[in-house]
Every structure is written in structure tokens, then in C-alpha cells.
Amino acid sequence: MEYEQPVEIVHLLVSPLHRYDGRPADGPLRLPDGEPESRIEVELRAHLGIVGDRYFGRGAHTTAAVTVMAAESLDHVRSVLGVEHPLDPAAARRNILLRGADVDALRGEPFSLDAGWGPVLFQGHRPANPCGWMNVVLAEGAHKALRGRGGVRSEPLTDGRLRLGPALLRAAVPLARAESSVEKSHPAASRLF
């Protein structure tokens with residue numbers, strides 16, 4: 001892969017159930033007692049997903065087993081909506097939250113992430129479009145603010161592990177994130193959480 005970009009893995013999520021089921025007004029489903037959803041490291045299996053996640057090994061979700069999003073997307077929500085408190089990265093329901101690259105450019109593209117244990121190869125597929133739940137769990141207006149910034153649904157092509165912290169992202173497309181007009185007018189937007 002021709003392009004590489006140092007990134008930071010800022011959040012990892014493994015959820016045993018689909019918590020945003022039903023009407024947003026009813027709130028998310030409660031987690032069963034046990035391991036927390038937010039993790040320090042995760043284990044991935046080729047063509048299956050993240051071990052312990054609700055989509056692991058489910059045939060209907062093979063090409064969408066792992067969702068990856070840019071942390072800058074949440075910064076954007078905070079900035080355009082004027083939200084002063086930090087947004088909970090787990091509320092976005094993306095498995096991997098990266099800072100430092102244009103994750104949305106990975107739609108339809110192969111890419112790899114290496115957090116120190118060797119690269120994990122992925123195939124990016126369709127966009128991970130935001131849903132109406134974002135207005136309830138992040139902030140009113142977040143659903144619209146995240147359009148085109150929701151990340152990518154992907155399939156792991158190799159086994160491996162990822163952990164929070166520095167990582168190297170490689171892809172066949174440029175990965176440098178273009179500064180948005182919001183960030184130009186609000187330079188602190190990329191450092192909000």
C-alpha cells in the first residue's frame with residue numbers, strides 16, 4: 001500500500017449487543033453485567049470481526065463487522081453544534097476511533113492498521129452512516145452534523161490485535177485529512193477531546 005499515516009487509536013469498542021434498538025426516546029438498551037464496552041485492546045479474526053463483538057462471525061455482517069471512524073468527526077460535531085462538554089466516543093458505536101487520518105477516504109479501499117503487533121489488513125466497504133440515535137446520545141443535531149463523516153464499515157482480512165495509542169495506517173489512497181472550514185475558523189476543534 002502506497003500511503004501511510006501515523007495515527008492514534010483513541011477508542012476501541014466491543015459490544016455484546018446492539019444497544020440502539022427500538023425508539024431513541026426509550027434510550028439505549030442496558031449492558032449485561034461483565035466486561036465494559038470500551039477496551040484497551042481488541043483481538044480481530046479474519047472475515048469474522050472483533051472477538052466478543054455483536055457482529056463477530058455473523059454472516060450477514062461479514063463486510064460490516066468492524067466500523068472505523070475519525071475522532072475528528074466528533075470534534076466537528078462539538079464545534080458546529082457548540083457543545084462544550086466532551087462527547088462520549090462509545091456513544092458513536094464505532095469499533096475503532098482514529099485520530100489523524102481521513103477515515104472516510106477508506107470506503108471501498110484496502111487498508112491496514114499496525115499498533116505494534118504487526119499490521120491487521122482490512123477491506124473498507126460502505127459508509128457507516130449515522131442514525132437518528134446520534135441526536136439522543138451525542139447532541140441534538142449530531143445526526144446531520146455526522147453525515148458524510150460517519151466512518152467506514154470494514155472486514156478484517158487477517159487476524160491480529162489492536163490497542164489504544166500510536167499506530168500506523170496504510171492504504172492505497174491518500175490519508176492526510178484536509179482541514180475543514182470549521183477547523184480553520186475554530187483551530188481548537190481538532191483537540192476538543
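Before anything else, one term: when I say buried, I mean under 20% relative accessible area, while exposed means over 50% and partly exposed is what falls in between. And keep in mind that this is a predicted model.

So, the overview. The protein chain has four helices and 11 strands. Of its 193 residues, 46% are buried. The accessible surface is about 9,100 Å², and carbon and sulfur atoms own 51% of that. If you take the contacts with a separation of 6 or more, 78% of them are between residues 24 or more positions apart.

Let's go to the aromatics. How many aromatic pairs does a search of the whole structure find? One. That's Phe111 with Phe122: the ring centres are 5.0 Å apart and the planes are at 10 degrees, so we call the pair stacked. Phe111 sits in strand S7, residues 110-114, and Phe122 in strand S8, residues 120-127, so the pair ties together parts that are 11 residues apart in sequence. Are these two buried or exposed? Phe111 has a relative accessible area of 0%, so it is buried. Phe122 is buried as well, with a relative accessible area of 0%.

Phe122 also brings us to the core. The largest nonpolar core has 28 residues, and Phe122 is among those with the most contacts inside it, along with Ile96, Leu98, Leu106, Leu113, Leu162 and Leu169. Take Leu113 as an example. Leaving aside neighbours within four places in sequence, Leu113 is in contact with residues including Val7, Ile96, Leu98, Phe122, Leu162 and Leu169. There's another core apart from that one, with 12 residues, among them Ala71, Ala139, Ala142 and Ala145.

Now click on strand S5. Five of its five residues are buried, so S5 is largely enclosed by the rest of the structure. In a regular strand, side chains alternate between the two faces of the sheet. For S5, both faces are covered: Val66, Val68 and Ala70 are buried on one side, Thr67 and Met69 on the other. What does S5 pair with? There's S9, residues 152-156, which runs antiparallel to S5 and is joined to it by three bridges; Val66 has Ser154 as its bridge partner there. Then there's S6, which pairs with S5 in the parallel sense, over three bridges. Val68 stands opposite Ile96 in S6, and Ile96 is one of those core residues with the most contacts.

Helix H1, residues 71-81, is another enclosed piece. Nine of its 11 residues are buried, so the helix is largely enclosed by the rest of the structure. Just after H1 you'll find Gly82, with a positive phi of about 70 degrees.

Next, the open sheet. Three strands make it up, in the order S4-S3-S10, with antiparallel pairing. S4 (49-50) and S10 (160-163) are at the edges with a single partner strand each, so one side of each has no neighbour in the sheet. S3, residues 41-45, is joined to S4 by two bridges, and Leu44 has Ile50 as its bridge partner in S4.

Arg161 lies over its face, 3.8 Å from the ring centre. The charged end of Arg163 also sits over the ring of Trp117, at 4.2 Å from the centre.

Last stop, two loop residues. Gly116 lies in the loop between S7 and S8 and counts as exposed, at 56% relative accessibility. Gly116 and Leu168 are 52 residues apart in sequence, but C-alpha to C-alpha they're 8.6 Å apart. Ala105 is in the loop between S6 and S7 and is partly exposed, with a relative accessible area of 28%. Beyond its neighbours within four places in sequence, Ala105 is in contact with Val173 and Pro174. And its C-alpha is 7.1 Å from that of Leu175, which is 70 residues away along the chain.

Terms used. Residues are numbered from 1 along each chain as its sequence is written. This is a predicted model: local features need pLDDT of at least 70, side-chain atom pairs count only at pLDDT 80 or more; totals for chains, interfaces and linings use all residues. Side-chain values use heavy atoms; hydrogens and water are left out. Two strands pair if DSSP finds at least two bridges between them. Buried means under 20% relative accessible area, exposed over 50%, partly exposed in between (1.4 Å probe, protein chains only). Rings of Phe, Tyr and Trp (its six-membered ring) pair if their centres lie within 6.5 Å; planes under 30 degrees apart count as stacked, over 60 as edge-to-face and the rest as tilted. A charge sits over a ring if NZ of Lys or CZ of Arg is within 6 Å of the ring centre and within 35 degrees of the ring normal. Contact means heavy atoms within 4.5 Å. Accessible areas come from the Shrake-Rupley method with a 1.4 Å probe; for residues, only the protein chains shown count as cover. A nonpolar core is a set of buried Ala, Val, Leu, Ile, Met, Phe, Trp, Tyr and Cys residues joined through side-chain atoms within 4.5 Å.
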